[in-house]
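Subject: Structure handover

Hi,

Here is the structure we talked about. Please open it first, then read the notes below.

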Amino acid sequence: MIITKQKSLEDLFQLVGQGPVFIIGCSECATMCQTGGEPQVLAMKTLLEKHDISVSGWKVLEPACHRLNTKRLLKDSKESLEQTKTVLVLACGNGVQTLAGLYEQLNVIPGTDTLFLGEIHRANKFEKRCSMCGECLLDIFGGVCPITRCPKSMLNGPCGGVHQGKCEVDNTIECIWVRSIALLQQKNKLSLLDSIQPAKNWSKALEMNRCI
Ligand code: SF4
Ligand code: SF4
């Protein structure tokens, strides 16, 4: 899931200006993060109107990053969009770009900051899990990703700073290398760590287009 957080109200008011504003939400990740579901879109509408900023309409897309579906779902909002100066998107950066691509003449602004690809632990608690490196190595590390979950992205064992199982950069998190080694030991696969991993080839993450 793509994890987002709402921008501060101060930033939002500055970005939105005077309106009229059309508000977009997203039925998927932003709904799960409670940053762009229907309740947040309606709360934003009330907030803007309270500050005398007119809202010409709103829609929760399914999802905002689906270009064709977005075009289809916004057909019945044509009139409202014509009266709009600004489209405030409560979705991830991908959703914002989809809208910006479809409505080049409008001021399309992000209402959230996109943080990371993460796992949901419970309502409003998310943890970063994957940096989308383009060549997944989870099999070697016992199913946990040091590229993402070690602040130094150590690829060949822990740094010298691990202390009582905790990370020296942030002692509220476990050293993911301690977990990785324990998991591999449990599976009798510690020998997977015998070979030295070469420096990460980030060119694999550079693919810009894909059709399947
Ligand atoms: S190895 Fe790469 S693709 Fe796999 S979880 Fe880590 S960052 Fe993501
Ligand atoms: S203590 Fe562990 S998780 Fe923290 S930076 Fe060093 S190797 Fe990475």
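A residue is called buried here if 20 or more other C-beta atoms lie within 10 Å of its own. By that count, buried residues make up 27% of the 212 residues in the protein chain. Bear in mind that this is a predicted model.

Overall shape

The protein chain holds eight helices and seven strands. Its radius of gyration is 21 Å, well over the 17 Å that the globule rule gives for 212 residues, so the chain is more spread out than a compact globule. Along the principal axes, the C-alpha atoms fill a box of roughly 65 × 40 × 25 Å.

The domain assignment divides the chain in two. Domain 1 covers 2-115 and domain 2 covers 135-197. Their centres, taken over C-alpha atoms, are separated by 39 Å.

On contacts, take the pairs of residues at least 6 apart in sequence. Of these, 58% join residues at least 24 apart.

Strand β2

Start with β2, which runs over residues 21-26.

β2 has two pairing partners to look at:

- Strand β3 (residues 55-61) pairs with β2 in the parallel sense, over six bridges. Here I23 stands opposite W58.
- Strand β4 (residues 86-89) also pairs with β2 in the parallel sense, over four bridges. Here V21 stands opposite T86.

The ligands

What surrounds ligand 1? The shell consists of C130, S131, M132, C133, C136, L137, L138, C145, I147 and T148. By class, eight of these residues are nonpolar and two are polar. No charged residue is present in the shell around ligand 1.

Ligand 2 is surrounded by 14 residues. The closest are C150, P158, C159, C167 and C175. The shell around ligand 2 has eleven nonpolar residues, one polar and two charged.

Over to you.

Best wishes

Notes. Residues numbered from 1 in each chain as written. Chains lettered and ligands numbered in written order. Predicted model: local features only at pLDDT ≥ 70, side-chain atom pairs only at ≥ 80, totals over all residues. Near = placed C-beta within 6 Å. Nonpolar A, V, L, I, M, F, W, Y, C, P; charged D, E, K, R; others polar. Buried ≥ 20, exposed ≤ 12 C-beta atoms within 10 Å, placed from the backbone. Pairing = 2+ DSSP bridges. Domains from an automatic or database assignment. Rg over C-alpha atoms; globule rule 2.2 N^0.38 Å. Contact = placed C-beta atoms within 7 Å.
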